[in-house]
Amino acid sequence: MATNDATGMQLDEGALSQEYFTNAVYRHWDPGAIEELDVDRERLLNADLTEEQFEGIRRTVARFGAGEESVTEDLLPLAQVSENINDQMFLSSQIYEEAKHTKFFDRYWREVIDPVAEGQGFERTAPTEDRYFNSQYTELFERTEDAMQRLLTDDTPKNRVVAYCHYHLTIESVLAQTGYYGIQSSFSESGSDEVTDEEFVELPGLVNGITKIRSDEGRHVGFGMAKVREHVQTGTVEESVVQNTLQKLLPLVAGTVNDLGVAINPDPLVEYATEKLTRRIEIIADAEAEIPPVDELVEIDDTAAQASD
Ligand SMILES: [Fe+2]
Ligand SMILES: [Fe+2]
């Protein structure tokens, strides 16, 4: 049985991953209890909406729902090779949370997207249809799956850093945080006004779910950052591995948020993604910089989030 050497206890209360696990349990939420999906449905049913506008919303929901499904499947190899109980506990909570994110998007399709398509007289589609995914999206997720699977056959410090750079730093930090920021800006009064060109319909149900998801992602990203930083600061992996991996993936992130739909303007999003990436690299490379405390990582206020991460 694993024990914490200093105290003989099983768990290390001072470990970052144990602290994050505790925070995850404390902040538990139920995707089935997210409110106001009925408000979104009614608003979209009554909105003067073109099929093209609706297709933009639908593409966004399909793409991020599929992304959450992919990361639910792809995290397991990391949990399997992890030898520390505190890390294993955190990663278990993370897989569970990714599954909840997948569930929320699935529910949104059933309760909002499909009934609106029907009510508005638009074609009914499935969220898994090829039309919702472009080549950059597909490549980004295939590369991430490969980086995670590689750990099962070749678990080296470098391959772990490459896995964290794909999964935690690119997909979760840059892509998810950017995409969700875009959705929040487009379909609510919060976020940035530059992201949306037009007065568009507010969707409080979608924004309620995404607010919970973004908060979880803040914790996931913090964990990945801490792991990569540890390798770079102790010299087990060169900083250039981080730089090269992230720089190679950035165009795929930009391509993924580039054609979401008429309501979401990609330029400020790509700028937001680039800024986030640069800030991540600074924190990893700078011996003096610190990862913000977990309570700050899970904060959703955009001004605070941007200043701290
Ligand atoms: Fe997620
Ligand atoms: Fe996540």
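The model is predicted, with local features requiring a pLDDT of at least 70 and side-chain atom pairs counting only at pLDDT 80 or more, whereas totals for chains, interfaces and linings use all residues. Residues are numbered from 1 along each chain as its sequence is written, and chains are lettered from A and ligands numbered from 1 in the order in which they are written. The mean pLDDT (the predictor's confidence in each residue, from 0 to 100) of the protein chain is 89, and 91% of the residues score at least 70.

The protein chain contains 12 helices and 0 strands, where helices (H or I, at least four residues) and strands (E, at least two) are DSSP runs numbered from the N terminus. The radius of gyration, taken over C-alpha atoms, is 19 Å, in agreement with the value near 19 Å for a compact globule of 309 residues, for which the rule is 2.2 Å times the number of residues to the power 0.38. Of the 309 residues, 43% count as buried (20 or more other C-beta atoms within 10 Å of the residue's own; exposed means 12 or fewer, and partly exposed in between, with C-beta atoms placed from the backbone).

In helix H6, the buried residues are Tyr137, Leu140, Phe141, Thr144, Ala147, Met148 and Leu151. Seen down the helix axis, these residues fall within an arc of 115° and therefore line one face of H6, the arc being that of the directions from the axis to the C-beta atoms. They pack against H3, helix H4 (76–81), helix H7 (157–187) and helix H9 (239–257), while the face turned away from the buried side carries the exposed residues Ser135, Glu142, Leu152 and Thr153.

Arg280, found in helix H10 (residues 266–285), counts as buried because it has 24 C-beta neighbours inside 10 Å. Not counting residues up to four places away in sequence, Arg280 touches Leu169, Ser173 and Met225 (contact: C-beta atoms, placed from the backbone, within 7 Å).

Technical notes. Contact = placed C-beta atoms within 7 Å.
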